Amino acid sequence: LQDAIVEEGAIEPLVARLASEEEPERVQATVTLGRLAHKNEDIQAKIVAAGAIPILLSQLSNETQAMYSQVSVTIARLAFNKEARDDLIRCKAVDQLVELLKSEVELVRDNAVLAIAAILERTVKQIHSDMGTAQTQKELMTIWFPEEVKAKGGANDVFLKMKSKKEGIDKSNTQDLG
């Protein structure tokens, strides 16, 4: 049934409804996308390709518990898809998901944990892959922070800046302990 619904072209209109001015319409679109995404990687990829991730995350800014609950379910279901995880990382979703851990609703917290775990699993695997191909820390900087390296003029500058920030943090931590 999921595939038949998607074949009829339902994803794009549902993603468009995520931006509706009416919350009940946004909630229903979120619920439907979450149900379509359940255990179906092809549909998950299509939902991501339709641009749902940034719109779903935007729903977390000032919505009701009902919206948080539905968005958390949908994000958790999508987070197991590689393209979705990459999109969630690009959209810096972890910060928003961490905020959901403060929710009074157990379902919201549970789904936030699932989504964070899926994102971290992908991130750890990518780090191990990158470390296997990079020869030096500077090469890793180029892989992990390409925009910063390009903007700062080289991996060495980014590496030194990050090192000095870490040392500053380490010094401030030891001062707090003393």
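In which helix does S72 lie? S72 belongs to helix α6, which spans residues 65–78. The model described here is predicted. Its chain holds twelve helices and zero strands, and buried residues account for 37% of its 178 residues.

**Overall architecture**

- Read from the N terminus, the order of elements is α-α-α-α-α-α-α-α-α-α-α-α.
- Of the contacts between residues at least 6 apart in sequence, 58% join residues at least 24 apart.
- The chain has an accessible surface of about 10800 Å², and carbon and sulfur atoms contribute 55% of that surface.

**The nonpolar core**

- The largest nonpolar core comprises 37 residues.
- I47, I53, I75, L88 and L97 are the residues with the most contacts inside this core.
- At least two core residues come from each of α2 (11–17), α3, α4, α5 (52–58), α6, α7 (82–90), α8 (93–100) and α9.
- When residues up to four places away in sequence are not counted, I53 touches V48, I75, L78, A84, D87, L88 and C91.
- Two of these partners of I53, namely I75 and L88, are also listed among the residues with the most contacts inside the core.

**Packing of α3 against α4**

- Two packed helices are described by the angle between their axes and by the distance between those axes.
- The axes of α3 (residues 23–37) and α4 (residues 41–49) come within 8 Å of one another, and their crossing angle is roughly 140°.
- An angle over 145 degrees would count as roughly antiparallel and one of 65 to 115 as roughly perpendicular; α3 and α4 are therefore classed as oblique to each other.
- On the α3 side the contact involves L33, L36 and A37, and on the α4 side it involves I43, Q44 and I47.
- By residue class, this contact of α3 with α4 has five nonpolar residues, one polar residue and no charged residue.
- I47, a member of this contact, is also one of the residues with the most contacts inside the largest nonpolar core.

- With neighbours within four places in sequence left aside, S72 is in contact with L100, L107, V108 and N111.

**L114 in helix α9**

- L114 is located in helix α9, which covers residues 106–133.
- The relative accessibility of L114 is 41%, so L114 counts as partly exposed.
- L114 and I75 are separated by 39 residues in sequence, and their C-alpha atoms are 9.0 Å apart in space.
- Apart from neighbours within four places in sequence, L114 is in contact with A76 and F80.

**Loop residues with positive phi**

- Most residues other than glycine have a negative phi.
- K39, which is not a glycine, has a positive phi of about 55°.
- K39 is placed in the loop between α3 and α4, and at 75% relative accessibility this lysine counts as exposed.
- K92, likewise a residue other than glycine, has a positive phi near 55°.
- K92 is found in the loop between α7 and α8; with a relative accessibility of 60%, K92 counts as exposed.

How values were computed. Residues are numbered from 1 along each chain as its sequence is written. This is a predicted model: local features need pLDDT of at least 70, side-chain atom pairs count only at pLDDT 80 or more; totals for chains, interfaces and linings use all residues. Side-chain values use heavy atoms; hydrogens and water are left out. Axes are lines fitted to C-alpha atoms, for helices over the stretch in contact, and angles run from 0 to 180 degrees between N-to-C directions. Helices (H or I, at least four residues) and strands (E, at least two) are DSSP runs, numbered from the N terminus. Angles under 35 degrees count as roughly parallel, over 145 as roughly antiparallel, 65 to 115 as roughly perpendicular and the rest as oblique. Contact means heavy atoms within 4.5 Å. Ala, Val, Leu, Ile, Met, Phe, Trp, Tyr, Cys and Pro count as nonpolar, Asp, Glu, Lys and Arg as charged, and the others, Gly among them, as polar. Buried means under 20% relative accessible area, exposed over 50%, partly exposed in between (1.4 Å probe, protein chains only). Accessible areas come from the Shrake-Rupley method with a 1.4 Å probe; for residues, only the protein chains shown count as cover. A nonpolar core is a set of buried Ala, Val, Leu, Ile, Met, Phe, Trp, Tyr and Cys residues joined through side-chain atoms within 4.5 Å.
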